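Hello,

Here is the structure I promised to pass on. My notes follow below it.

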Amino acid sequence: MRMTDLIQKKRDGGVLTAQEIRWMIEGYTKGDVPDYQMSAMAMAIYFQGMDIEETYALTMAMLDSGDRIDLRGVSGIKADKHSTGGVGDKTSLVLCPMVAACGVKMAKLSGRGLGHTGGTIDKLESFPGFTTALEQDAFLRQVDEVGFAIAGQTAELCPADKKLYALRDVTATVASMPLIVSSILCKKLAAGADVIVLDVKSGSGAFMQTDEAAFELAKTLTEVGRRAGKRVVAVVTDMDEPLGNAVGNALEVKEALAALRGEYQGDLLELCLTLGTQILREGGAAADDAQARAMLEKAIESGAALEKFAQFVRAQGGDPAAVYDPALLPEAPVKLEVPAAAGGYVGRIHAESVGLVSMHLGGGRATKEDTVDLAVGVVLHKKVGDPVAPGESLGTIHARTEQAAAQAADMLRDCFEIAPEPVTRAPFIKGVVK
Ligand code: URA
C-alpha cells in the first residue's frame with residue numbers, strides 16, 4: 001500500500017477500506033507515514049467526509065494504537081461521561097458523586113485546562129493535598145470501593161489520536177465530523193466503561209455552531225459507539241453562555257458543592273440531572289427516566305451525593321473538611337463588582353471571552369507549562385434572559401491585585417450583549433440522541 005494512493009482515493013471522493021485505514025493509522029503512529037502526508041489526508045477527509053463504516057474503522061484503528069484501561073475487575077456497571085468542551089463546565093464534579101450515590105460507578109480520566117477552557121484536574125487541586133496521579137491499581141480499587149475516581153491519564157491511550165489531534169490543530173482540520181467522532185470515541189472506548197454519555201454542545205462557543213451539526217455529531221457518535229459494543233447516549237445542550245455562574249478553579253468547585261448541597265438551581269444542575277438520568281437508565285439502575293431522575297434528586301436532598309464527594313476527596317489525598325466548609329478553599333484577596341453600563345435584558349454572554357477573562361486573571365494556562373492561580377476567576381450574577389438595571393452588577397471579579405481586577409472588569413463588561421427588549425432563552429437541553 002502507498003499513502004499517496006490513499007490520499008488520492010479520498011481526495012477524489014472514494015471510500016477507504018478498514019484495512020487501508022488501519023494500515024495508515026499504524027504507519028502514522030510508528031512514524032512511517034510522515035506528518036505532511038497525514039496532513040493531506042486530514043484535509044481530504046475534511047472536504048470529502050467519511051461514511052459510517054470508515055468512521056468506525058478509523059475509531060477502532062486509533063483505539064488499537066495504544067493501551068486500554070481494563071475495568072473488568074470492578075464490580076457492577078461502569079459509566080463514563082464526556083463533554084465536547086465548555087467554559088464553566090464543572091459537570092463531572094456534580095455528576096460523578098450523584099451517580100455513584102445511586103449505585104453506578106464512574107471511572108473518569110481527566111485533563112488539565114488549556115486556553116480559555118478549564119480542566120477538571122486543576123479544579124480538584126483546589127482541595128489541599130488532592131492528587132489525580134493514581135496508579136492504575138489504586139484507580140480501579142477506588143472506583144470499586146468509593147464508586148468513582150477521577151485521575152489524570154497515566155497509560156498511553158490512543159497515541160495515534162494524540163499525534164493526529166496536534167496535526168489537525170495546526171492544519172485547520174479540527175472541524176471535521178469523522179475526525180471529531182473518531183477522536184472522542186477512541187479515547188472513551190480505551191477508558192473501558194460500559195455506558196458512555198456524551199454532552200454535545202451546540203452554539204457559538206462550541207465546535208458545532210448550529211443545532212443541525214450538533215445533532216449530526218450526536219447521531220454519528222452514538223452509532224459508532226453502538227457498533228463498538230457500547231451503550232452510548234448523547235445529550236445536545238446549548239452553549240451560548242458559560243455553564244452555571246462560576247468560571248475559575250476554586251470558584252467552580254464552590255459552585256459544584258452548592259449544587260451537591262441542593263442550594264443551586266440552574267443549567268448546571270439540569271445538565272447533571274439529564275446526563276445522570278441517561279446513565280442510571282442505560283446502566284440498569286433505574287427502570288425509566290422518571291425513576292432515574294427521582295433517585296438523583298434524592299441523592300442530593302439526602303446529602304448522599306455530598307457525602308460521596310467527601311469520600312472521593314479523602315480517597316485521593318485531599319482534605320474533606322473543605323467539602324463541608326468551602327471557606328477553606330483558596331480565596332482571592334480582591335473582589336470587584338462589574339456594574340452594567342446600561343439597562344435592558346441579557347441577550348448573550350460570550351462564553352469563550354469569559355474564559356479568557358479568567359485566564360487573564362491567572363486562572364488558565366496560555367502554555368502547558370504555566371501554573372494556574374486556583375483562587376481567581378469570575379462569578380456571573382446575570383445569565384441570558386435576565387433583566388438588568390443600569391449600574392446593577394453583572395458579575396464579581398476575583399483577582400490577585402486591584403490592577404488585574406480593573407482590567408478584567410472591562411473585559412467582562414464586553415462579554416455581555418444587553419438588548420433593549422426581553423430576550424427569550426433557547427431551551428438549554430436541546431435533545432437526547434440514543
Ligand atoms: N475533542 C476531542 O477529543 N477530539 C476532537 O477532535 C474534538 C473534541
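The centres of domain 1 and domain 2, taken over C-alpha atoms, are 32 Å apart. Bounds come from an automatic or database domain assignment, which gives domain 1 (3-49), domain 2 (78-324) and domain 3 (330-419). Between domain 1 and domain 2, 12 residues of the former are in contact with 12 of the latter, contact meaning heavy atoms within 4.5 Å. About 1,000 Å² is buried there, with carbon and sulfur atoms giving 77%; buried area is the accessible area (1.4 Å probe) that two parts lose on being put together, summed over both.

A word on provenance: this is a predicted model, where local features need pLDDT of at least 70 and side-chain atom pairs count only at pLDDT 80 or more, while totals for chains, interfaces and linings use all residues. Residues are numbered from 1 along each chain as its sequence is written, and side-chain values use heavy atoms, with hydrogens and water left out.

Now the ligand. Around it are Tyr165, Arg168, Ile180, Ser183, Ile184, Lys187 and Phe207, each with a heavy atom within 4 Å of it. By class, that shell has 4 nonpolar, 1 polar and 2 charged residues.

In Ser183, a side-chain N or O atom is 2.6 Å from a ligand nitrogen. The protein covers 90% of the 240 Å² of accessible area that the ligand has on its own (Shrake-Rupley method, 1.4 Å probe).

Helix 9 gives the most to the shell, with 4 residues.

Best wishes

Notes. Polar contact = N/O pair within 3.5 Å; in protein donor to acceptor, adjacent residues only side chain to side chain. Helix = DSSP H or I, 4+ residues; strand = E, 2+ residues; numbered from the N terminus. Nonpolar A, V, L, I, M, F, W, Y, C, P; charged D, E, K, R; others polar.
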